[in-house]
Amino acid sequence: MTKPDSASLPATLYGVRWEGGLDDGHLVLLDQTRLPKDVVYLQVRDIEVLRTAICDLAVRGAPAIGIAGAFGIVLHLVPLAKAAKATTASALDTAYAHAHERLVSSRPTAVNLRWALERMRDCFDRHSSHLTPLEMCARLLMEAKRIHREDLELCRRIAENGAPLMPQGGGVYTHCNTGALATGGVGTALGCLVEAHNRGRKIQVFSGETRPLLQGARLTALELQHAKVPVTLCCDSAAASLMARGKIQAVIVGADRICANGDTANKIGTYSLAVLAKHHGIPFYVAAPYSTFDLSLADGSLIHIEERHADEVRRPHGVQMSPIDVPVSNPAFDVTPAALITAIVTERGVIDHPTRERVAALMRDQASEPAV
Ligand code: MRU
């Protein structure tokens, strides 16, 4: 275990990594519940351990849990494939369905998890009748690695498209954590901030602490310091006053699910920021890859919002802050209506003032998916 400040973190931050080959391979997760105090890596070899890590937010952020979930399928199937007597991988079908169900139900709002698991399922269905169980696992591992590599490239392109939207000089407010810890690359909203800074834009980032689990304070502040981007931490409730005092020229956040009409689910508190930005005439940007779009949902009222345990609010980080039995409302996400969003930044381009037609037009453009 390392006791970090931002300088003692590894040069390249990652939340999820596959280590080893098919036989001995496993997932390595940087335990984000321990940051910024301790740098602890979890060695994950079992799907139930992975499920717990996802539920407890040891690995978190929409793209990162998708990547972890994809590798989780491989973790579950390899030992069964080794023991299988069958000649084709279709014998693993029941085990596959079990793994899928355990993972997909671990966090319901971020659609990237379902997206990655469906992509793995498609791969399984395409090959299970003609590959042996072990060959199938090798093919699935290849697919999971491809999802991981692809996300790195998606982040790079989002950062390129988002950086020019950042002010030449001034304050940019962000919420939750959307960086390397939350993705397979430099991040989405946070990637845009880093890229803008690297291109010489004199931005001052304000990171809202993000109650109740403090992803902004614990993770975003750490990541931005690590990337040498000027960052000031503030209480979530300071956002209105900062905007009123002219300190904020733009807001940029990530997304957990974007509906066909552009309505966007993201960390609880995002919606209030969008309302505040509108009131103060400040642009409000969402940055996300195509894997965060869920075109099967017409609008945000249909998004399943995860409700988390009451003790996250009553006893943050184990410290009792309220009567022990007071009823609590703890939705992990909220929905920002498309009408409050100035633009959605994707790897394929920028959707200005998103509408159903504009979302459909950009998402139809499959040709721009990165080949990795
Ligand atoms: O509950 P979390 O920490 O997983 O929530 C994360 C967010 O809301 C992020 O903004 C979102 O997943 C985008 S990450 C690129």
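Predicted model: local features only at pLDDT ≥ 70, side-chain atom pairs only at ≥ 80, totals over all residues.
Good morning. Helix α2 (62-83) and strand β9 (264-267) each supply at least two residues of the shell around the ligand; helices (H or I, at least four residues) and strands (E, at least two) are DSSP runs, numbered from the N terminus. Residues are numbered from 1 along each chain as its sequence is written, and side-chain values use heavy atoms, with hydrogens and water left out.

Let me turn to the shell itself. Among the 17 residues around the ligand, those that come nearest are Arg60, Arg107, Asp256, Asn266 and Lys267; a residue counts as near if one of its heavy atoms lies within 4 Å of the molecule. By class, the shell holds 6 nonpolar, 7 polar and 4 charged residues. Here Ala, Val, Leu, Ile, Met, Phe, Trp, Tyr, Cys and Pro count as nonpolar, Asp, Glu, Lys and Arg as charged, and the others, Gly among them, as polar. Because domain 1 (6-156) and domain 2 (159-363) both give residues to this shell, the ligand lies between them; the domain bounds come from an automatic or database assignment.

Next, the polar contacts, meaning pairs of N or O atoms within 3.5 Å. A ligand oxygen is 3.0 Å from a polar backbone atom of Gly61. In the side chain of Gln215, an N or O atom is 2.9 Å from an oxygen of the ligand, and for the side chain of Lys267 the corresponding distance is 2.7 Å. Taken alone the ligand exposes 420 Å², of which the protein buries 99%, by the Shrake-Rupley method with a 1.4 Å probe.

Finally, the backbone. Most residues other than glycine have a negative phi, and most peptide bonds are trans. A cis peptide bond, however, joins Leu35 and Pro36, with omega about 5 degrees, and Pro36 is in the loop between β2 (26-30) and β3 (41-44). Another cis bond joins Arg211 and Pro212, with omega about 0 degrees. Thank you.

Note on methods
Polar contact = N/O pair within 3.5 Å; in protein donor to acceptor, adjacent residues only side chain to side chain.
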